[in-house]
Amino acid sequence: VQARLSLRAAADRAFDLGSPDQATTHLEAALGVTTEDAERAPLLLRASDAATAAADVPKAIEFARGSMAAYRSVGDTVAALTAAGKLASNQLDMGQLDEATELLEGAVLEAEPYPEVQADLLARTARCYMRLVRDEEAVAAADRAIVLAEPLMLDRIVAEAMVNKGSALMKLGRVREPVLLLTASAELAQEVGDYDLALRARGNLSVALFMHDLPAAQELRRQGVELATRLGSYKWRDLFVAASLGSADAAGLDWEGALEALDERLAEGLDSFARIELLDSKARLQIQRGDDVSETMAQMWAVCDELGDPQAIADTTALEGERAYYEGRPEEALVKLREATPQMGQNTALGWVSQAIAGTILGDVEAVRAAEEPLRKDPQYNNAMAATKELASGCLAALEGRVSDAVALFGRSVEHFEAAGWHYWTAFARVLALRTMPSEPAFEGWAEAARERLEPIGAKPALRLLDETRSRAQTASQAPSIEARTRR
């Protein structure tokens, strides 16, 4: 007994000092000298928390599942349901969305007599629904959790529900409300001492800002790295770094420096989730620079096999599609993107816009139309999303010969990308506009503006597309103008 108590105390000290991996080691030692389920159950749950903070999600799942079973064996239903909630949260981190949802939906029903537990489970269920792009259900589950939690002064659960509600509202066309909810939930989570939740709230807030104000998102991620490092949360430190470096392509700033930083991070021991994020960022930059990306893609597929996460597989397939259109194989790109898009979950909009780009490069108006419609109907609204929709709609209008519509749409797309701080995409939108309408007077100076952005970062494929507009412009100048027939 004394050995177990000493090891538990050592684990708590290590956890408090920001060493969750050391805490996990102490707790595993304590479990090795503990045989009774009544004593093992809380140790297993604490070990799951430590492994989560140490970014060892598979081990966290193993511990949480063991804790749930141990609590069941001694008839402690409330504690077993609490363990089920933590198990489901780790399953979400592993991409096991369906398993987590099934576990939580059953647990919510079982927890009906225990409002404090049901509130926690509903808040976690909201996260499941949000990740599955069942956003209206996510908002409803979060609201149910808040209604139960607030009268009981369960502030941590209120914060969890607010994080998940705000994250869902981002995808339902709201702009200000998600930012306010996520900001407040981060503060509340930190106030009650749930630092993992506080970091997740900041991470989700940075996603909202990334789509609307990239420089603000990058500053928030810098602060997130500092906070996660101070708290010893390796998982969130790595994810904030990955997100920050992953924004380099959209920002269009110092791609070479970003690639060097990515290689430095990839040389460190990272969990699979941080590694796939970093590899995705590296591959995207290599593709957009026209570098050889074969080795990076092979590493990505190896991590996908390790994770078995359907969305990671779909996202990597979509990246192969982007690679194909940048390398001049738009037909192959469309095949891969059509395969990937239905499985991309929260990233579905990226699949649609990539299809629209591939169709535009190919000159396939039907392919662009098929991608533009669902993208246009997506309820999300922010600077980057507005720009993306306007880009796809502008490409379609240009291919259909609706000159006035196309000019207006491309113009708004450029303005929104610039407002978002997405400087590479500001240039690339100009390239696509010139590709579809090479002699349009309204685009005078756009080629030079795009080149000024693209040359310093070495965006060779986009520059090649830009150079092709010259020959298109010469061809167009020799053909009868359609402007008089279509401008209105």
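Predicted model: local features only at pLDDT ≥ 70, side-chain atom pairs only at ≥ 80, totals over all residues.
The term denotes a side-chain nitrogen of Lys or Arg within 4 Å of a carboxyl oxygen of Asp or Glu. Lys-165 belongs to helix 9 (residues 155-170) and Asp-143 to helix 8 (residues 135-149), so the pair ties together parts 22 residues apart in sequence. Helices are DSSP runs of H or I with at least four residues, numbered from the N terminus.

Lys-165 is buried at 16% relative accessible area, while Asp-143 is partly exposed at 29%. Buried means under 20%, exposed over 50%, and partly exposed in between (1.4 Å probe, protein chains only).

## Further salt bridges

The whole structure contains 40 salt bridges. One of them joins the side chains of Asp-263 and Lys-282 at 2.7 Å, N to O. This pair links distant parts of the chain, with Asp-263 in helix 15 and Lys-282 in helix 16 (residues 272-289), 19 residues apart. Asp-263 is partly exposed, at 36%, whereas Lys-282 is buried, at 14%.

Arg-376 and Glu-372 also meet through their side chains in a salt bridge (2.8 Å, N to O). Both lie in helix 21 (residues 365-377), four residues apart, and are therefore separated by about one helical turn. Glu-372 is buried, with 5% relative accessibility, and Arg-376 is partly exposed, with 44%.

## Basis of the values

Residues are numbered from 1 along each chain as its sequence is written. Local features need pLDDT of at least 70, side-chain atom pairs count only at pLDDT 80 or more, and totals for chains, interfaces and linings use all residues, while side-chain values use heavy atoms, leaving out hydrogens and water.

How values were computed: Helix = DSSP H or I, 4+ residues; strand = E, 2+ residues; numbered from the N terminus.
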